[in-house]
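Visitor: I have a structure to look at and some terms to learn. Could you take me through them?

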Amino acid sequence: MRMTKALALMALATLAGTPAWAQKSAAVQSIEEYRAMLQDGNPSELFEAKGEALWKQKRGPKNASLEQCDLGKGPGVFKGVFVELPRYFADTGRVQDMESRLLTCMETLQGFKAAEIAATPFGKGEQNNVTALATWLAAESRDMKLKLPQSHPQEKVFYEVGKRLFFQRGGPHDFSCASCHGQDNTRIRLQDLPNLTKNSGDGVGFAAWPAYRVSNGQMWGMQQRLNDCYRQQRFPYPGFGSDATIALATYLGVNSQGSASVAPAIKR
Amino acid sequence: MHLSRRQALKQTAVVAGLLASTGLFPQYAFAFNKDAFEAKSIADTLKALGASGLSASPDVMLTAPDIAENGAVVPLAVSTTLTGVKRLLVLVEKNPSALIASFNTSDSVESAFSIRAKMGQSSDVYAVAVMNDGKALFAKKEVKVTLGGCGG
Amino acid sequence: MADPMRIRAQAAGDKATVRVLMAHEMESGQRKDAAGKIIPAWHIQEVTATHNGKPVLSAEWGPAVSKNPFLQFVVKGAKAGDKIGVTWKDNKGETRSDEATVS
Amino acid sequence: MKKQHKITLSLLAAAAALAGCVAAPSSVDLDRLTADIVKKSFRDQGIVKVSVLDTDETNRVCSAADVAGKPLEADIAKKIEEANLKAVKWPSDGKFLGDWKEGEKLAQSGRGLTWTDEATTPNGGNCYNCHQITKAEISFGTIGPSLYNYGKLRGVTDPNAPAAKAIVEYTWGKLWNTRAYNACSNMPRFGHAGLLDEQQLKDLMALLLDPKSPVNQ
C-alpha cells in the first residue's frame, strides 16, 4: 500500500539521520514523503462518483442524460476519450478540449446554455458539474497513454498557436508560460515545475489534471489549471473554453504524447 | 427501475439516517464535548475531558510528516499498544483550539486511526491516550508548515 | 443533501482496513469573508461506524479536521462480504450514512 | 463560440490565400492567427486589463526567439541590453541601501497585480519564488541562482566603499531592469515596470548587500 511505503521511507530517513550536506535535499525529501502520504485517500474520488452520476442522470430543460454525448470516439463512448483530447470535432467545426466539449453536449443534449455555463465562475453552479464530469471521464482513462490526434489541419494549427501562446511574454512581470515551465528541474518555492516544452513523463504536467488541490480543497479541471496559471502570470482572464486555452492545452498534450495520464491526481 | 449508484446511496442514507434518529445506536447518544474542542491549550483540553497528569509514553505512537507542504491538509496517524485506553486524541499545540479529534476506543477496532488536520503554523503535534483512570499519556512531533506555492 | 461518502474496506487476515472520504466543507470558523466577517464554523462533529450493523467506533471531531475529510481505521474480526457502515453528523444537524461491503 | 470559429477559419483561409497555397499556414500566418485568438480569448478582469498584453520590443523579440527555439543573435541581444540599460534610473539621492528587514518582507511576498488582487494590494518582490536567499527560509525556488551570501561572495564588506561601487551599481541595475544585462532574462523588471518603488528596491539591495543582513551571515 502506498501509505505503508511512505511510512517505510520515513523510518529509513529517521534511521539515516540528517547529515549536514543533505540539508537542502532533506527538505525536498520530506515534502515528497508528505505528498506520498496524501496519495492514499484522494478526495477526487468524491468528484468521480458525482461525475458518473451526472453522466447518467436526466437533467436540463430537455430532461436528458449525457449518455449519447460524443467525446470523439462516437456517441456514448467514455472509456479512453480523455487521453485523445483536445481534438477536432466536425459538428462544431472546432478543436475542443474535454470541458468545452462537455458544454457542447450539455447544450445539444440537455438544453443548457453553453455560453451561460462558460460565463459562470469556477466553483459555482453548473461549473461544478462540468468539473465533476471531467474528473470522472479522466478516471475512465486512468493510466492510458496520451494520444492526441494531429491529423486534421486545425489540430496542427492549434498546436502551433499553443506553442506561440506558451512563449508569449507580457503583463507587468514579463512572464510567459515558459518563464516557469521552460527548463528542467526547477521549482517555485518547494513546488516542482515540469518542463512543458517537451514530454514531461507519466503523470506529470498535462497528464495530471484534473486534480484535487489540497491547499483549497477544490477539484480543478485543466481549464481552471490554465486559468490560474494565467492569473499568476498577471495576464488578463482567459475565457472558459476559449480558443487560447484549447490551443495551449493542445500544445501541452501533444508534447506529452505517449505519457500515461494519472488524472484525477492530488496536488498541493 | 434502474437506479444509479448515487441514487441508491442516497436511499441507503435516508434509511440509515432514520435508524440513527430512532435511537438504534444508543451508545452514540454522546454529547459533543464543546468545552474540549473550544479549549485553547492542551492542558485545558485535557481538563475538559477529565484527564490529568500528562506524561510521555513510548507506547503511544504518532506518525506525522516532518514538513507539510500545505497546512490545510496534514496527514496524522495515532495509535497505541496499551490496554485500558478510553480515548485517543489528536492535538495541534499552536492551533487556535488544540483538539483536532477524539476517538473512543473499543474492543471491535484497533487503537489506530489516521486523519488529516489543518495547521495554522508550524507546531508540535500530540497523540494522547486517555486511560480509563484518567491518566494521559502522549507522543509528540514537530511538524513544519511551509508555503508551497507563489504566495500570491 | 450531502454528497455520498466513498468507503473502501479491505480484509487482510482477521481484520479489515477501512478508508473513508467524506464530502464536507469543514469550515474552520477562523476565516473571514470578503466583507471581513467571520465565516461561522461548519464541521462534522460526530462520526460513527458499524460492522454488520453493530456499532464499533465513535469519534468527535472539531473544525480543524481538513476539508473533505479522510479517515482510516481497522475493524477486528471483519471479513470479505461483511458490511461496514459509516455515519457523520455535523454541527448544523445534517447527517449522512453510507455503507460498503468488505472486499 | 460558433461566430468566433468562423472568423478564425476565414482568417486562416485568407492567410492561406495570401500565401498563395493550400499547404500548412506559414509562420507569419500563425503569428497573426495567434494574435487574433488572444484578442478574442482574453478579457479584462478586476484590476487586470487586456492592454497589459501590449508588450514592448524586448519581449516580442525574446518570445519570437523562444518559438523558433534559437537563442538571440549576439548583436540583437546587445542592442536590447543597451536600450534597457539606458532606461535604468539610479537612486535620486545617491544612496543604494535601505533596510534589509523590509527587504526580507518584500522578498517573501508574491502578491500584487493579479486579477484577484486589489489596486491597493502592495506588490511583493516574489524573490523567494525563484531564488534561495537566507538560510532560514527553506521554501525557495530554483529558477534563478541562489543569492545566499550574495554580498559576502562578492567581497562586499562595506557597501559604501569605492571597492564595492561596481557590484552595488550592477545589483541596482539588475533589480531595476534585468534585461540590461541579459536580454531575455526570466526576471521581472522591477524598477522599469514600476513593480517596486525606489525605497523598496533599496530595501532589497540591503537584503543582498548589507553585511548585517542574514543573507551575508
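Guide: Start with contact: it means heavy atoms within 4.5 Å. The model is predicted, so local features need pLDDT of at least 70 and side-chain atom pairs count only at pLDDT 80 or more, while totals for chains, interfaces and linings use all residues. Residues are numbered from 1 along each chain as its sequence is written, chains are lettered from A and ligands numbered from 1 in the order in which they are written, and side-chain values use heavy atoms, with hydrogens and water left out.

Visitor: Which residues does L91(B) touch, not counting those up to four places away in sequence?

Guide: L91(B) touches I42(B), T45(B), A98(B), L99(B), I100(B), D124(B), V125(B), Y126(B) and V128(B). Take V125(B): 34 residues separate it from L91(B) in sequence, yet the C-alpha atoms are 5.8 Å apart.

Visitor: Why does L91(B) count as buried?

Guide: Buried means under 20% relative accessible area, exposed over 50%, and partly exposed in between (1.4 Å probe, protein chains only). L91(B) has 0% relative accessibility, so it counts as buried.

Visitor: Where in chain B is L91(B) found?

Guide: L91(B) is in strand β5, residues 85–92. Strands (E, at least two residues) and helices (H or I, at least four) are DSSP runs, numbered from the N terminus.

Visitor: What makes β3 of chain C mostly covered?

Guide: Count its buried residues. Strand β3(C), residues 44–51, has eight of eight buried. In β4(C), six of eight residues are buried, and that strand is also mostly covered.

Visitor: How do you know that β3(C) and β6(C) pair?

Guide: Two strands pair if DSSP finds at least two bridges between them. Seven bridges join β3(C) to β6(C), residues 83–90, so the two strands pair. They run antiparallel. T48(C) stands opposite T87(C) there.

Visitor: What makes β3(C) and β4(C) a pair?

Guide: Six bridges join them, in the antiparallel sense. T50(C) has P55(C) as its bridge partner in β4(C). The two strands form a hairpin with two residues between them. In the turn, N52(C) has a positive phi of about 50 degrees.

Visitor: Which strand of chain B is joined to β4(C)?

Guide: Strand β6(B), residues 99–104, is joined to β4(C) by four bridges, antiparallel. A101(B) has W61(C) as its bridge partner.

Visitor: How many residues does each chain give to the contact between chain C and chain A?

Guide: Chain C gives 14 residues and chain A gives 14. Buried area is the accessible area (1.4 Å probe) that two parts lose on being put together, summed over both. For these chains it is about 1,100 Å², with 53% on carbon and sulfur atoms. R6(C), L21(C) and N68(C) supply 44% of the area that chain C buries against chain A, more than any other three residues.

Visitor: Why is the meeting of E45(A) and R6(C) called a salt bridge?

Guide: A salt bridge is a side-chain nitrogen of Lys or Arg within 4 Å of a carboxyl oxygen of Asp or Glu. The side chains of E45(A) and R6(C) meet at 3.7 Å, N to O, so the pair qualifies. Chain C and chain A have three salt bridges between them.

Visitor: Which element gives the most to the side of chain C that touches chain A?

Guide: β1(C) does, with three residues.
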